[in-house]
Amino acid sequence: MTGRVAAAEERAFSITLGAQGQMTWRGKILGIVLLAIVAALGAAAHFVYKPALPPIAPPDPQNFDKALVAQGQALAAIGDCAVCHTAREDAALAGGRALATPFGTLFSTNITPDAKTGIGRWSEAAFVRAMREGVSRDGTYLYPAFPYDHFTHVDDADLQAIYAYLMTRRPIDSHAPANELRWPYDFRPLLAGWDLLFQHKIPFVADPAQDAEWNRGAYLVEGLGHCGACHTPRNALGAEHAHQAFAGGVIEGWYAPPLNAANPAVEPWTADRLEAYFHTGIDLDHAAAAGPMGPVVHDLAAAPMADRKAIAVYVAWLMRDSPAAIGKRRPPLDRADYAQQEHARGATLFAGACATCHGAGAPMMLQGRPPLEKGSPLQEADPRDTIAIILHGLAPPVDANGPYMPAFADEFSDTEIDEIVAYLRARFSDGPAWADLAHAVASARKEGAS
Amino acid sequence: MLTLTVNGREHSVSADPSTPLLYVLRGELELDGAKYGCGLGQCGACTVLVDGRPVFSCLMPIAALPGRQIRTVEGLGTIEAMGPLQQAFAAEQAAQCGYCIAGMIMRAQALLDRTTSPSEAEIRAHMQPNLCRCGTHMRILRAVQRAAAAMRDKAEAAR
């Protein structure tokens, strides 16, 4: 690349000097403009270019310290590596999972230590650079769907442990399918510009005013746990809005609710309840973990209790000014008659399809499930979660006895789901009716969120 | 009164529109192939096809059914003239207590309507929502494979 730039510079000089070698004033201006362009291109090339780091002979798994590997395993659970980097249950970390983004579909990479298709020939330095800077071993830019904007805050010791964990997994020979991104997003060097704007390589700084548990939670939530990757809204270039941290985001057709003062929960989330939610996937006053949160809980359940608790402490703190937390939330609401009048057909469908489980005193409720009047989805500003749960159902995230709901995509038309959702919102929330439900249901079905 | 189309025949039914289809099939239309298992959409004993897709009839209000094609195990054949899946389940002795079988057959029918050469993994994944408490899963699997083979042979012979 630098060679090409030098050749271009030479050409620019010969044009500037003109045919007779004598510079006219027009030639001078042209020359200055060209020089500026060439300088800019040169600077850009220098800025964009990232060297390949030398491949290494795949390290012998026996050479890694067992305690370090165990520590890495716990950290990888918090980082949810396996959630995105696994497409098939029998091929953990071998990549290939499709990630739908507004820019097209990305396929996660193989991060098993396979020498040919995975990271078997990556040095620790190459791994650290990928985590901190979003650059692959061979110097190509990685897409920020890989949350290196968060991982950049992870400290050296933790990265070393995660490296030890990954390099001691079973190598799996598996090439990820090629990404299907729209032009121009398929041109990776553009990511240098993204990084310049949005990638802030700053280490985590503890807040001395807070205790050690809070700081541990903050370090994990902002860094490895990358909670904001889903729970913070993103701008047109797919970067998190810096000034709307944890204000709620959209991910794979689901709505990740706000984890700040805008959290709409009817009952307050406390650190203890969050910690329990993180390893059971259910909280009776809020929700069952659904959509992308299911696999997150599945992994968090395997993380050390102390870390889960620290994360819970910090997340509860993020929501400390929410209406429920400050005691300003109205009590749970059940306006059955009003909703029946407003949405008679939705009421009929609800009675036949939903009430056997969700009605008061139903066997399902006696097993311990969040009642609809307290469940978060119906209180949210966005109908996506309610629609997605009805269309696709719920699978127990942690163990087979967890919350389950069958999918209703084949039972009901878009119009019928629209009617049920409008009925539920009117009955159990005093929030405004969700706008344009018909469109929301149709696009949720089309996206096939799961 | 709502009009339901079951196995190609139209029926006027008097049940309340919020009534789940299962109760109308069994109570009003006297089609008692589909069974009440859990009533919660968790076991699949009540599975029938609606517009070709398997649904839990215990959670399917009839209000959503006028104009749609409902298919039950009675629509696949009679005792004298059994359909391929019914024959295969009998041949493999895939029923023990038999309570889940009508639902199993209907779910399998949805798969074989789509393809007559499903892989074993496809059959297992497709049948996953339906439970059998007796443990005849391996026989059920073989019955579905046998029915698929019979359907392929028939299609081959017709060519």
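Predicted model: local features only at pLDDT ≥ 70, side-chain atom pairs only at ≥ 80, totals over all residues.
How many Å separate the centres of domain 1 of chain B and domain 2 of chain B, taken over C-alpha atoms?

**View 1**
Chain B is divided into domain 1, which covers residues 2–76, and domain 2, which covers residues 84–158. Taken over C-alpha atoms, the centres of domain 1 of chain B and domain 2 of chain B are separated by 21 Å.

**View 1. Strand β1 of chain B and its pairing with β2(B) and β5(B).**
Strand β1 (residues 2–6) of chain B pairs with strand β2 (residues 9–13) of chain B in the antiparallel sense, over five bridges, whereas two bridges join β1(B) to strand β5 (residues 69–71) of chain B, these two strands running parallel. Thr5(B) can be followed into both pairings, for its bridge partner in β2(B) is Glu10(B) and its bridge partner in β5(B) is Gln69(B). The hairpin of β1(B) and β2(B) has two residues between the strands, and in this hairpin Asn7(B) takes a positive phi near 50°.

**View 2. Helices α3 and α5 of chain B, packed at an angle of about 40°.**
The pair consists of helix α3 (residues 101–114) and helix α5 (residues 137–158) of chain B, whose axes are 11 Å apart. With an angle of about 40° between them, α3(B) and α5(B) are therefore oblique to each other, and α3(B) passes α5(B) in a right-handed crossing. From α3(B), the residues Met104(B), Ala108(B) and Leu112(B) meet Ile140(B), Val144(B), Ala147(B), Ala148(B) and Met151(B) of α5(B). Divided by class, the residues of this contact of α3(B) with α5(B) are eight nonpolar, no polar and no charged.

**View 3. The crossing of helices α11 and α13 of chain A.**
Helix α11 (residues 271–280) and helix α13 (residues 305–318) of chain A have axes that come within 8 Å and cross at roughly 130°. The two helices, α11(A) and α13(A), are therefore oblique to each other, and the crossing in which α11(A) passes α13(A) is right-handed. On the α11(A) side the contact is made by Ala271(A), Leu274(A), Glu275(A), Phe278(A) and His279(A), and on the α13(A) side by Arg308(A), Lys309(A), Ile311(A), Ala312(A), Val313(A), Val315(A) and Ala316(A). The contact of α11(A) with α13(A) has, by class, eight nonpolar, one polar and three charged residues.

**View 4. The crossing of helices α5 and α7 of chain A.**
The axes of helix α5 (residues 124–133) and helix α7 (residues 156–167) of chain A come within 10 Å and cross at roughly 115°, and the crossing of α5(A) and α7(A) is right-handed. The residues that make the contact are Glu124(A), Phe127(A), Val128(A) and Met131(A) of α5(A), together with Leu159(A), Gln160(A) and Tyr163(A) of α7(A). By class, the contact of α5(A) with α7(A) has five nonpolar, one polar and one charged residues.

**View 5. The open sheet of chain A, formed by three strands.**
In this sheet the strands follow the order β1-β2-β3 (chain A), and the pairing is antiparallel. The edge strands are β1 (98–101) and β3 (180–181) of chain A, each of which pairs on one side only. Four bridges join β1(A) to strand β2 (residues 104–107) of chain A, the two running antiparallel, and Ala98(A) has Phe107(A) as its bridge partner in β2(A).

**View 6. The contact of chain A with chain B.**
This contact takes 15 residues from chain A and 17 residues from chain B. On the side of chain A that touches chain B, two or more residues come from each of α15 (344–353), α16 (355–358) and α17 (363–366) of chain A, and α15(A) gives the most, with five residues. The residues of this side of chain A divide into nine nonpolar, three polar and three charged.

Key
Residues numbered from 1 in each chain as written. Chains lettered and ligands numbered in written order. Contact = placed C-beta atoms within 7 Å. Nonpolar A, V, L, I, M, F, W, Y, C, P; charged D, E, K, R; others polar. Axes fitted to C-alpha atoms, helices over the stretch in contact; angles between N-to-C directions. Parallel < 35°, antiparallel > 145°, perpendicular 65-115°, else oblique. Left-handed = near helix turned anticlockwise from the far one by under 90°. Pairing = 2+ DSSP bridges. Domains from an automatic or database assignment.
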